[in-house]
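In these entries I record what I looked up about charged and aromatic side chains. I begin with one residue and then turn to its partners.

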Amino acid sequence: MDSIVELISVLDNDDIKDFKSFLKRKNKRNDVKNIRLLEILETDDINRLKKLYGSSKNKDAYHALRKRLHDSLLLFISNKTFERDNSEAHEALRLLIVGRFLLENDLIKPGFKCLQRAEQKALLLEQFSLLNEILQLRLQYAYVESRPNLELLIDRLMANQHKMQQEVKFQIAYAFLRVELQDIHLKGKIVDLNRLVIDTIGKYDISLRQLLSFKSLYQLLFIANEYATIHQNYALVLSFLKTSDEFITKQKVNSVHHLFYYLHILYYLANFNLRNRLFHESLAYLEQLIAGCSPGSVHRVQFHLRYYLLKALNYHYMGEGAKALAILRLGIQQSTLKSNETDIADLQLCLVMFLTQFQDKLALAELRKLIRTDAWYEKKMGMLWTIRKGLLEILIHIQFADIDLAISRVKSFKRRYKKYLETVREGRVVNFLRLVEKYLQNPSVVKNAVFITDIEVMADHAENQDLFVLGFIAWLKSLVTSESPYQALLSLVRKSELKKDQ
């Protein structure tokens with residue numbers, strides 16, 4: 001994507017208007033073409049150079065204009081970001097500076113009043129380093145206070161410094177885990193993630209209970225989400241649901257600084273509840289999420305496609321397949337040039353999955369809309385996502401009697417992923433593919449008692465209770481029962497829920 005178009009994509013309609021006003025104030029001549037170039041880029045016009053200069057000979061002027069517009073965009077966005085995201089932190093810093101100036105000039109009462117207000121804001125924003133400076137300044141001038149409580153002030157300073165140290169340790173651990181997760185997710189690196197998390201937390205002596213904040217909770221849920229995704233087992237994150245819900249219920253979102261983390265927390269909780277079959281709870285979090293995203297805001301652009309995806313999945317597994325399909329298609333229609341390509345790919349693959357389970361021949365046509373190479377999807381979407389796509393393609397070809405192509409796809413799938421699956425000990429996919437191959441070799445095997453037992457054992461196994469995993473097993477089950485894969489899925493989900501309640 002064009003670098004300037006990428007920058008424009010983070011601006012909403014009001015921002016674009018403000019940016020044009022910004023350019024008008026900055027322009028010293030009436031013949032400057034930067035606003036015209038901006039408008040051309042907004043319309044995605046490929047004949048930009050001709051429209052601006054009328055000749056390809058003016059390439060240098062065009063590229064100089066682009067660079068100036070690019071630099072102006074960066075300056076405008078930096079000003080907007082500071083204004084929106086750090087205004088309260090800036091206010092606390094300003095109060096600290098003013099308070100220090102007043103105290104240095106023997107204006108004791110107003111000086112301490114400024115520091116008190118700065119401290120309140122820094123506490124609210126969890127700005128531990130700024131709070132450390134404020135408390136140290138108060139300690140420095142404690143001798144001029146009329147009734148200084150020195151012990152209380154020292155205790156607060158030491159407690160804050162402990163939080164600072166914990167935060168630094170947590171950020172080091174988080175950075176380390178993110179790098180490792182990236183290698184696991186995108187490169188297929190073999191790591192015992194459970195041991196890695198425990199060892200990392202232990203190595204840096206981190207107390208999450210003491211450090212819990214919007215930011216740390218968001219980071220913790222990110223790690224938990226990646227961990228559960230890799231293992232395809234969201235029961236592993238059940239312990240986070242109560243803690244997270246209690247935290248966001250008690251804490252108020254008092255600033256834009258918190259809003260980013262708060263919305264991500266809601267998204268993760270919606271996803272965790274969905275994958276643990278707590279559908280109504282998941283839908284409630286989704287409504288909180290979309291209510292927290294102002295119309296036209298960057299947050300709305302960031303989350304609205306994910307909102308449609310999770311909402312459709314909830315209704316799909318609740319047994320309202322037609323409603324889920326309508327929501328999913330609406331989500332795809334709502335995508336724009338500004339939409340994240342990975343979010344669009346998620347919606348598209350989910351549509352393919354739904355149509356496959358409904359035995360709808362449109363599944364293959366929708367699959368063809370995923371036009372990127374497997375290498376691209378592995379890099380952008382991850383190995384597990386791309387493997388799921390490959391398996392769906394095989395099932396679609398079998399479902400609509402294109403057996404030769406299905407056999408060819410099985411062979412290419414095994415060439416590309418069998419070694420990886422064996423290395424990461426992902427026996428579920430290997431066993432599933434083994435049963436699919438048996439059916440391809442001899443469709444009458446669906447009447448074989450051993451084949452039927454293998455499917456039942458697979459469906460009952462504790463590690464296979466994830467909703468997405470059950471979807472693939474349901475496809476095999478439908479071969480035996482002659483029901484639709486969707487009906488087979490719903491029966492497996494209900495059976496799994498009964499087993500969980502017992």
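**Notebook: charged pairs and ring pairs**

Entry 1. I looked up Arg138 and found that this residue is buried, because its relative accessible area is 14%, under the 20% cut-off. I note that the model is predicted. I then asked which side chain meets that of Arg138 in a salt bridge. The partner is Glu145, at 3.8 Å from N to O. Glu145 has 23% relative accessibility and therefore counts as partly exposed.

Entry 2. Arg94 counts as partly exposed, at 38% relative accessibility.

Entry 3. I next examined the salt bridge between the side chains of Lys495 and Asp460, which is 3.2 Å from N to O. Lys495 is in helix α26 (residues 485–501) and Asp460 is in helix α24 (residues 449–460), so this pair ties together parts that are 35 residues apart in sequence. Lys495 is partly exposed at 43% relative accessibility, and Asp460 is partly exposed at 33%.

Entry 4. I turned to the rings and asked how many aromatic pairs a search of the whole structure finds. The search gives 23. Among them, Phe22 and Phe76 form a tilted pair, 5.7 Å centre to centre with 55 degrees between the planes. Phe22 lies in helix α2 (residues 13–26) and Phe76 in helix α5 (residues 59–85), so the pair connects parts 54 residues apart in sequence. Phe22 counts as buried at 13% relative accessibility, and Phe76 is buried with a relative accessible area of 5%.

Entry 5. I then looked at Phe214 and Tyr262, whose ring centres are 6.3 Å apart; their planes stand at 80 degrees, so the pair is edge-to-face. Phe214 belongs to helix α12 (residues 214–231) and Tyr262 to helix α14 (residues 256–275), so parts 48 residues apart in sequence are tied together. Phe214 is buried, with a relative accessible area of 1%, and Tyr262 is buried at 15%.

Entry 6. Finally, I noted a cluster linked by ring pairs, including Tyr218, Phe222, Tyr267 and Phe303. Arg306 lies over the face of Tyr267, 5.3 Å from the ring centre. Arg372 lies over the face of Trp376, at 4.6 Å from the ring centre.

Note on methods:
Residues numbered from 1 in each chain as written. Predicted model: local features only at pLDDT ≥ 70, side-chain atom pairs only at ≥ 80, totals over all residues. Heavy atoms only, no water. Buried < 20%, exposed > 50% of the residue type's maximum accessible area, 1.4 Å probe, protein only. Salt bridge = Lys/Arg side-chain N within 4 Å of Asp/Glu carboxyl O. Helix = DSSP H or I, 4+ residues; strand = E, 2+ residues; numbered from the N terminus. Phe/Tyr/Trp six-rings, centres within 6.5 Å; stacked < 30°, edge-to-face > 60°. Lys NZ or Arg CZ within 6 Å of the ring centre and 35° of its normal.
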